[in-house]
Amino acid sequence: MADPARLSLNTITLREQWTLAQCIEGCARHGIPGISPWRDKLAEMGVAAAARHIRDAGLRVSGLCRGGMFTSAGAIEDNRRAIDEAAALGADCLVMVCGGLAPGSKDLAGARQRVEDGLAEILPQARAAGVVLALEPLHPMTCADRSVLSTTAQALALAERLGDGVGLALDVYHIWWDPQLAESVARAGRRIAAFHVCDWLVPTQDLVLDRGMMGDGAIDVPGIRALVDGADYAGMIEVEIMSARDWWRRDADEVVQVMKERFAAAA
Ligand code: ZN
């Protein structure tokens, strides 16, 4: 059973129902201690106003979603803005979805190098701002369009090459299948900067937008949490569910209630 004091709402779970202001108010009302905003809704509310409201509500910001996408045009400038936003929010980390192949390219090695070079370029600013860059490995099915960083071991090796100020964001949806998961998580240790939970539905209808609630799918969420806890991660646990056919269509307060129950029973 996960400790309710570690529960954080990743606001994409209620993307279709609530604004960021409503998410902040809803967390306070439901006794959820953490929040992880996405930058589009942060922009709608305004960074300064969001930072003030989150502080007033007594919430911890477990992460800001997201930076990365280094193989897209304008990535460095956008990542620099994201670092400033994460610093303004006092976020535990800036989650990095590193980007897929450049448009029209088949150069996978080149894309991986571009990711590493981009991270190295923005890292001094992140270190100066006290913002941890949390590399999120994504399921290999997303390698072409979202992330050339696919496994925990690969992300850890990159973090170790880059040095201080670079951690990992581990999301059960992306890492559960990995035969090397246990040893990679153990080696990651204190590099783990964020932990995201949801479930993998069988059959899944959409790789990105058909995530399940913990307990409804194939992932041993408590088992993976035990690995992460065993690696000395003591931070927040974010519930991050993109669900176009189900949870985005339900009443927001119902989703939050179920989320709290499943967090206690199946995370
Ligand atoms: Zn995630």
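**Figure 1. Contact of helix H8 with helix H9.** In this predicted model, Leu-181, Ala-182 and Val-185 of helix H8 meet Ile-224, Leu-227 and Val-228 of helix H9. The residues of this contact divide into 6 nonpolar, with no polar and no charged ones among them. The axes of H8, which spans residues 181–188, and of H9, which spans residues 221–230, come within 8 Å and cross at roughly 30 degrees. Because angles under 35 degrees count as roughly parallel, H8 and H9 are described as roughly parallel to each other.

Figure 2. Residues up to four places away in sequence being left out, Thr-152 touches Pro-137, Leu-168, Leu-170, Ile-175, Asp-178, Leu-181, Ser-184 and Val-185. Two of these partners, Leu-181 and Val-185, also take part in the contact of H8 with H9.

**Figure 3. Ala-157 in helix H6.** Ala-157 is found in helix H6, which covers residues 152–162. The C-alpha atom of Ala-157 is separated by 9.2 Å from that of Ala-188, although the two residues are 31 residues apart along the chain.

**Figure 4. Site of the zinc ion.** The protein donors of the zinc ion are Glu-136 (OE), Asp-171 (OD), His-196 (ND1) and Glu-240 (OE), which lie 2.1 to 2.2 Å from the ion. The angles among the 4 donor atoms run from 82 to 167 degrees, and the site is classed as irregular. Along the chain, the donors follow the spacing E-x34-D-x24-H-x43-E. Distant parts of the chain are linked by the pair of His-196, in strand E8 (residues 192–197), and Glu-240, in the loop between strand E11 (237–239) and helix H10 (252–266), the two being 44 residues apart. His-196 and Glu-240 are both buried.

**Figure 5. Packing of helix H3.** Within helix H3, which comprises residues 47–56, the residues Ala-49, Ala-50, Ala-51 and Ile-54 are buried. The buried residues of H3 pack against helices H1 (20–30), H2 (39–45) and H4 (75–89), as well as against strands E2 (34–36) and E3 (60–61). H3 is followed by Gly-58, for which phi is positive, near 75 degrees.

Key: Residues are numbered from 1 along each chain as its sequence is written. This is a predicted model: local features need pLDDT of at least 70, side-chain atom pairs count only at pLDDT 80 or more; totals for chains, interfaces and linings use all residues. Side-chain values use heavy atoms; hydrogens and water are left out. Buried means under 20% relative accessible area, exposed over 50%, partly exposed in between (1.4 Å probe, protein chains only). Helices (H or I, at least four residues) and strands (E, at least two) are DSSP runs, numbered from the N terminus. Contact means heavy atoms within 4.5 Å. Axes are lines fitted to C-alpha atoms, for helices over the stretch in contact, and angles run from 0 to 180 degrees between N-to-C directions. Angles under 35 degrees count as roughly parallel, over 145 as roughly antiparallel, 65 to 115 as roughly perpendicular and the rest as oblique. Ala, Val, Leu, Ile, Met, Phe, Trp, Tyr, Cys and Pro count as nonpolar, Asp, Glu, Lys and Arg as charged, and the others, Gly among them, as polar. Donors are N, O and S atoms within 2.8 Å of the metal (3.2 Å for Na, K and Ca); water is not among the atoms, so sites may look incomplete. Four donors count as tetrahedral if all angles lie between 85 and 135 degrees; four count as square planar and six as octahedral if opposite donors are over 155 degrees apart and all others between 65 and 115; anything else is irregular.
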